[in-house]
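Reader: Hi! Could you walk me through this one while I have it open?

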Amino acid sequence: CITLEAPTEPIVIELNINITQEVIYRLADDASNAIEQNADIF
Amino acid sequence: QRDPAYAAARAAGQVGEKMDGYLGIVGASTPELQAMVNDINNRRRALYVQRAQAESATLEQYAFTAGCVAIAATVEGEMYQAPDGSWQRRTSAPPQRDSRCPR
Amino acid sequence: MTPQVETEEPLPMPPTRGNWPRLPLGKAILGFALMLAVAAGILWSQRKGIADDYIAATLDRMGIEGTYEVETISPEVQVLRNIVIGDPAQPDAVIDTAEVRLKATFGLPQISAITLDGVRVWGRIVDGQPSFGTLDPLIFTDSTEPFVFPAIQLTLREGHALIEGDYGPLAASLTGSGRLDDGFAGELAVVAPQLRLAGCAAEQATLYGRIAIDDQRPSFAGPLRFARMACERHGVAVDGGAAQLALRADADMQGVRGDAGLRFGMVGAPSIRLASLTGETRLAYRGGNFNSDFELAGVDLAADAVRLSRLEAEGRLRIFDNFARFELETELDGRNVQPGGQWLAALTGAEAGAAGTLAQPLLAQFRQQLGAQLPGSTLRANLTLRQTAGGQLGLVIPEARLRARGGESLVLLTRAQVGLTPHGVPLFSGNILTGGRGLPQIAGRMEQEESGALELRLRMAEYAVGTDRLEVPDLALRQGADGGVTFAGRAIASGALPGGFAERLEVPLTGQVSAAGAVSVWPGCTPVRFAQLQLANLALDGRSVILCPPSGAPILRYDAGGLRLAAGVPALQLTGRLGETPLRLSTGAVGFAWPGVMTARTIGVELGETAAPTRFTLADLTAQLGDDITGSFSGTDVLLAAVPLDVRDASGEWRYAGGVLSLAGAAFRLEDRQEVDRFHPLVAQGARLALAGNAITSAFTLRHPATGTAVTEVTLLHRLDDATGSASIAVPGITFGDRIQPRDLSELAYGVVSLVRGTVTGNGRVDWTAEAVTSSGAFSSTGLDFAAAFGPVERARGTVVFTDLLGLTTAPAQRLEIGMVNPGIEVDDGVVTFSLTDGTRLALESAEWPFLDGRLSMQPLVMNIGAAEERRYVFQIEGLAAARLIERMELNNLAATGLFDGVLPVVFDAMGNGRLQGGLLSARPPGGHVSYIGQLTYEDLSFVGNFAFQSLRDLNYDRMEVELDGPLTGELVTKVRLDGVRQGATAQTNFLTRRLARLPIRLVVNLRAPFYQMVSSMRSLYDPSSVRDPRGLGLIRSDGRVIRNSVNGADAPPPETPGFPSSPPVTQGESAIQPPEREAMR
């Protein structure tokens, strides 16, 4: 039977998670509203 | 109803809209101009923080989106930052905007 | 018409005055003498009636009706009885018995003696003409030859006569006997209850004495008395008089000679009163000329100007041509001369009027010394009073000398002449010299010019009382014909002035006194010089100033309308001292009017050493002069050298009283003198300021000009002498908000803090000396919100203590509690200790936040406010509870335990964007447990990926390290490394996993997601509403296959309406993390 020697070096499992999101669209309306309401600083 | 000094600086092209949603100084800065830009950006940042939280987006994203809108809203003669980072003076043509800017 | 002046004769008297002499004393004596003469005349005119004889024959001869009873008729003696002459009912005369003794001489019966007994005669005097009724022809024979007394022996017993008429009823009684022409002697008594004579009326006048006729010359000796005599025409009244008369008439009855001893009680005349008058006079009257020598002594003489206890007059009075002219020469010797009541009142009045000036003590001393020197004083004068034919009255006083009790000459009048112009104005000439201990030494010379104008030149030596001194080096007065006096001269005065003090004030005395008494002085521009002038505690050094009157008016005017002063100076340059503080004063036009207002233009005042002066510049100043001096000022700047704050454009009301200058209701603008203003100008209204001694004290509230918001209440004290002072600055509360922002107060705040909301209170203190200014203060707030470069801050609370308030430098370790700060991540309940230097260098000594059951703290850092620079903050994390983090992020499908410590260096760029650079969190032993309990399936994850993901479901770890990098505001790269990984109890265990479990596995999760997105995307994993449908984004085809990894804004279809399909976008099935939509944004 196969015995797996517990290797001394830990097995490195690398997991790359990229969480990105495309939110710019969503914000466009809100941004233009905000700019209109605060015209004094835009 | 912009502050007269701010309106004058915009019209004179001393300041311009940056892509990151904040106001930038075009060319030579002066303490007064710097103080005015800082004040306006403080207010914009506070607005962005508040809207970003409400829209559960990052401050950076919200600011960037606002930048897109602000640049779109510039009028002829005002300065804005083109995607390559350079300062451009707005002409009658629509401004060059970052690809990610929504229409 | 100028009066003609005889060289020697005095000036004529005005006709209106009548013949009485001007001098009241002379008038009284002459009046009396006249009355005596008339009384004698009456007696005189009765002389014929008595000496008649042949009663019967003559009666018949005269055709005088009379009845009588003959007692005996014999050649030697005829005795008649009860003789009644005239109308029996109204007899003119009644004689009880008349005995006529005849003697024959050369054959003709001659009357040798008559004896009459019980004679009563009634007569009248009308218009000066006596009439005895039917007896008149007997009395008034028209013979022209001179009257001779007949040599008949007459004996008269009980002779009475009653004469009424002009002089009032006279009752005379006479007894006596003797030869009529020589040797007759008898007793005469005349009683006149109401004697009217020459305009005078005497009451209870009685004459009683011995009458005799010697050698044809009748004489009378005896007292004339009267109770009271009043002469209305001359206003003379005498109470109780008696004259011991001894008169002798000439043979032809045309002249009288004799003397009279006079003793009168109170004599009153216009403006003169005598308690009593006694004296001797020898008089002689002949043919219209009256001549008398007299020695009179008046006791307690009181005239308007002078009072004497005793005045002796010895001299001669001569009246010519029936009072046409007279001449009085007399030597006066007065005792105890005192100033008259009216004169005294005028003196005390002047003294009171001069209160507060140097004149007052001088007048007071003059009055006191007079009071001391005059009792027992002696007056010796000789004078001549003449009235010329034309009625001109002139008085000549060769010498009059008033000596003090000690014999010292007080007043010496020499070669004095007094006359009256036709207008009744006294014209006086002569020399006057006054002196006496403590009295002014005045030398005067009065000249009478041909034109009639009078010139008085006088000089007064310095008359001093202590520091008050007055000297008149020369003064020339010219009295014009119209009576007006013009004067020119010079006066040098030192001493008190209203509210001040002058040293050697030299003033020219030019001006005039009009006939009506209106005084006007300094008609033109007048040089005024002073060695030193002090007003309150302002002492001005010596200077000469040209004062000019308003056009067309003198500088000083005093008339019925009262005293008016008005002068102006085109400009003034003065130096001096205010208290001990040196002062330089320059002004534009200064106008001064009393009563009235003083106005001054463009005043510049510098107080203190020239090196560090306190400067006041006033545009204009008005002052209302009264007991207190009040006024207004405007356009005033106050620059205290030591304090870098300027008071600009102050205006308001001021009052100077009791040595204190106080300003009330003052409005001004306070500005920072520094080139770059540390604060914008603030305004004050209703400010109070007082300058007393040489300290300025003030209190005012400073307000923001535009909004009127009260900023601070300041009370201030500044000592002018050493330019030291202190000010307390109280800030009851400034509430920042829509109405007012810090930038309204100070430009320093602009760009540093914005959108400030909340109230700041506190107080401060500034102390200064001539060299340095120190200030301190403490300001606090119970809750301040503001937006700063590093993001909004809310509910900042605490107190900041400043060691140099004006320099904006705080004490070390100032502690503030921060309710919330959001540099990208909201961090609550922080405590920051910091110190600020020169308003720019901010040293953050510590900053701590409770952070998810642990503590987030920041390592000390120094940064430069206002400068756009990159700042590096290093945050320390201790004991962050993973569980609390999950809970805080509201990730309810995830559970984790374990406590983490670590360091999060954050770099904020100039724009204020913060980046995590090399952040490292590591779990504390013994590690913890992670489990994901939500649905999590993605298909195409590699085996290992699947295993990793699976193990996430329930995983124990010994060690976990999390590396964090990337922008706080953007995409954060997180690298999670778990060691000592073991399947958690709930994990699906199968053979493989159990085998694996024993393997030392290190799970490394590289999570690239915005800190926020990391959060939101986690949430989105189970909360679809927070994520847009990728299919809508054209990322996944409806069958779930990915079209593209990411979508570029440019070509992504517009967002659909937010209505999302009910089913979650994520397809069920094995867990697979959707491949990241590559997000191109950096």
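This is a predicted model: local features need pLDDT of at least 70, side-chain atom pairs count only at pLDDT 80 or more; totals for chains, interfaces and linings use all residues.

Reader: Thanks! How many residues of chain B are in contact with chain A?
Author: 23 residues of chain B touch 17 residues of chain A, with contact meaning heavy atoms within 4.5 Å.

Reader: And what area is buried there?
Author: About 1800 Å² is buried between chain B and chain A, and carbon and sulfur atoms give 67% of that. Buried area is the accessible area (1.4 Å probe) that two parts lose on being put together, summed over both.

Reader: Nice. Which residues form the salt bridge?
Author: Asp30(A) pairs with Arg51(B), and the closest N and O atoms are 2.4 Å apart.

Reader: Which elements give two or more residues to chain B's side?
Author: Those are helix 1 (4-11), helix 2 (31-54) and helix 3 (59-72) of chain B. Helix 3 of chain B gives the most, with 7 residues. Helices (H or I, at least four residues) and strands (E, at least two) are DSSP runs, numbered from the N terminus.

Reader: Switching to chain C: what does strand 17 pair with, say on the strand 16 side?
Author: Strand 16 (residues 289-303) and strand 17 (residues 306-320) of chain C run antiparallel, joined by 12 bridges. Strands pair if DSSP finds at least two bridges between them. The two form a hairpin with 2 residues between them.

Reader: How many bridges join strand 17 to strand 18?
Author: 11 bridges join strand 17 of chain C to strand 18 (residues 325-335), again antiparallel. Arg318(C) has Glu327(C) as its bridge partner in strand 18, and Arg318(C) is also the bridge partner of Asn291(C).

Reader: What about the turn there, which residue takes a positive phi?
Author: Asp321(C) does, near 45°, in the hairpin of strands 17 and 18 of chain C, which has 4 residues between the strands.

Notes. Residues are numbered from 1 along each chain as its sequence is written. Chains are lettered from A and ligands numbered from 1 in the order in which they are written. Side-chain values use heavy atoms; hydrogens and water are left out. A salt bridge is a side-chain nitrogen of Lys or Arg within 4 Å of a carboxyl oxygen of Asp or Glu.
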